[in-house]
Amino acid sequence: MIDQIRSLLEQHPMIPLNFGALADDANLYDAGLTSFASVQMMLALEEEFDIEFPETMLTRRTFSSLANIADAVSQLARKAA
Amino acid sequence: MDARTFDSKSLLDSLFENGILFESGIDGLYGRSGAFEEVIEQFERLVTRLGAPDKATRIHFPPGMSRATLEKSGYMKSFPQLAGCVHSFMGGEREHVQLLGMMADGGDWTALQKATDVALTPAACYPLYPTVAARGPVPAQGLLFELSSYCFRHEPSKDPARMQLFRMREFVQIGTAEQVRSFRESWLKRGKAMIESLDLPCEVDLANDPFFGRGGKMMANNQLDQGLKFELLIPVTSIEKPTACLSFNYHQDHFGQTWGLKFADGEFCHSACVGFGLERVALALFRHHGPDAAAWPTAVRDVLWSA
């Protein structure tokens, strides 16, 4: 799951982060993720995994690392299944 | 103007009946009485006097700004629903005939207009950043500006405190993170003391901007988590939902990065602003002290008219 997310985000033109060089638990905001890029990330994840993040999950913490994102995505994908 | 009843529609009606505001046929666009303008003038003097020791450079911008500047600022990423762009007719005689025909038939004649290079200014500080960036590196002690502009936001409403065209006065500090944070701290104190000196009930609270859409919910949460925006709230049209009359914003290095605002050593500048919603403050004064400014409490008049 994490690798699928990493390669999805790496290809995104509006998120200029080098995800290949970031550890699973590296803080993405420290690596330069802007608020606007995090929104692009959220939208790309929703499309790729056919999920919708509820408002309660639209927080800084949900998108702060690849590991946190993978947790959130798998939680929502399980619910949808 | 009965302080016991708070609701936006009745406040608006009462402002019309008392000749303080004048209807234009469009919600959020109103004429202002001489008395209303005088209150705004005096309040602006008070703001300028409070900020005078800091020796800000004063710039007054018109209500329109460069559309290219607005585009580059990132405003459309966050607030596409509020932005306004000026369009004009640029066709020839043939198109003019067509336009008049469309108007006569009740058709959408605006389709024959094209976007000009002018956008409506959404906040007084948007035209400032490229102006500063063009002057070269920011000095180590930072830069301070006092700005004023009519601003536009497309949010028609019966709430007189939510106008589509309104005036904003701002102080903007550009400098290091530390400089701009201490600027904001000092205005949080000064702003609250100033409003209290006008005998208005107020509270300062953490706030977020009305970012667009579901992604905007996330940007708003980010803004709250990081404590980037505070508002000074005064009950104007509602006690439960008081109106933000002053706002205190820390932009981090967003505008520094966007406009290449740097110190001589290449480090990006941070910025912060304190904004005064002039119509909102005036409305709060009329709401709490009554429709006749001459009959306001002496203490309040002394503060405003000695400014």
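User: Before we start, what counts as two residues being in contact?
Analyst: Two residues are in contact if their C-beta atoms, placed from the backbone, lie within 7 Å. Keep in mind that this is a predicted model.

User: OK. How many residues of chain A are in contact with chain B?
Analyst: Ten residues of chain A are in contact with nine residues of chain B. On the chain A side, five are nonpolar, three are polar and two are charged.

User: Now the sheet in chain B. What order do the strands come in?
Analyst: The order is β3-β7-β8-β12-β11-β10-β9. These seven strands form an open sheet with mixed pairing. The twist averages 20° from one strand to the next.

User: Which strands stand at the edges?
Analyst: β3 (57-60) and β9 (203-206) of chain B do. Each has a single partner strand, so one side of each has no neighbour in the sheet.

User: And β12(B)? What does it pair with?
Analyst: β12(B) pairs with strand β8 (residues 165-175) of chain B in the antiparallel sense, over eight bridges. Strand β11 (residues 243-250) of chain B also pairs with β12(B) in the antiparallel sense, over five bridges.

User: Which residue stands opposite Ser271(B)?
Analyst: Ile174(B) does. Met168(B) has Gly277(B) as its bridge partner. From β11(B), Ser247(B) stands opposite Gly275(B).

User: Is β12(B) covered on one face or both?
Analyst: Both faces are covered. His270(B), Ala272(B), Val274(B) and Phe276(B) are buried on one side. Ser271(B), Cys273(B), Gly275(B) and Gly277(B) are buried on the other.

User: Why do the residues split into two sets like that?
Analyst: In a regular strand the side chains alternate between the two faces of the sheet.

User: Which helix lies across β12(B)?
Analyst: Helix α7 (residues 177-197) of chain B does, running at about 15° to β12(B). α7(B) also lies across β8, β9, β10 (229-234) and β11 of chain B.

User: What about the loop between α7 and β9 of chain B? Which residue there has a positive phi?
Analyst: Asp199(B) lies in that loop. Its phi is near 55°, a positive value in a residue other than glycine. Asp199(B) has 14 C-beta neighbours inside 10 Å, so it counts as partly exposed.

User: Switch to chain A. What is the phi of Asp50(A)?
Analyst: Asp50(A) has a positive phi of about 55°, although it is not a glycine. Asp50(A) is in the loop between α2 (35-49) and α3 (66-80) of chain A.

User: Is Asp50(A) buried or exposed?
Analyst: Asp50(A) counts as exposed, because it has 9 C-beta neighbours inside 10 Å. The cut-off for exposed is 12 or fewer.

User: Back to chain B. How many residues of α10(B) are buried?
Analyst: Eleven of its twelve residues are buried. Among them are Leu278(B), Val281(B), Phe286(B) and His289(B). Charged residues are on the list too, including Glu279(B) and Arg280(B).

User: What is the span of α10(B), and what comes just after?
Analyst: α10(B) covers residues 278-289 and reaches 16 Å from its first C-alpha to its last. That is close to the 16 Å expected at 1.5 Å a residue. Just after α10(B), Gly290(B) takes a positive phi of about 105°.

User: Last one. At what angle do α2(B) and α11(B) cross?
Analyst: Roughly 70°, with their axes coming within 8 Å. α2(B) and α11(B) are therefore roughly perpendicular to each other.

User: Which residues meet there?
Analyst: Gln42(B), Phe43(B) and Leu46(B) in α2(B) meet Val303(B), Leu304(B) and Trp305(B) in α11(B). By class, that contact has five nonpolar, one polar and no charged residues.

Note on methods:
Residues are numbered from 1 along each chain as its sequence is written. Chains are lettered from A and ligands numbered from 1 in the order in which they are written. This is a predicted model: local features need pLDDT of at least 70, side-chain atom pairs count only at pLDDT 80 or more; totals for chains, interfaces and linings use all residues. Helices (H or I, at least four residues) and strands (E, at least two) are DSSP runs, numbered from the N terminus. The expected span of a helix is 1.5 Å times one less than its number of residues. A residue is buried if 20 or more other C-beta atoms lie within 10 Å of its own, exposed if 12 or fewer, and partly exposed in between; C-beta atoms are placed from the backbone. Two strands pair if DSSP finds at least two bridges between them. Axes are lines fitted to C-alpha atoms, for helices over the stretch in contact, and angles run from 0 to 180 degrees between N-to-C directions. Angles under 35 degrees count as roughly parallel, over 145 as roughly antiparallel, 65 to 115 as roughly perpendicular and the rest as oblique.
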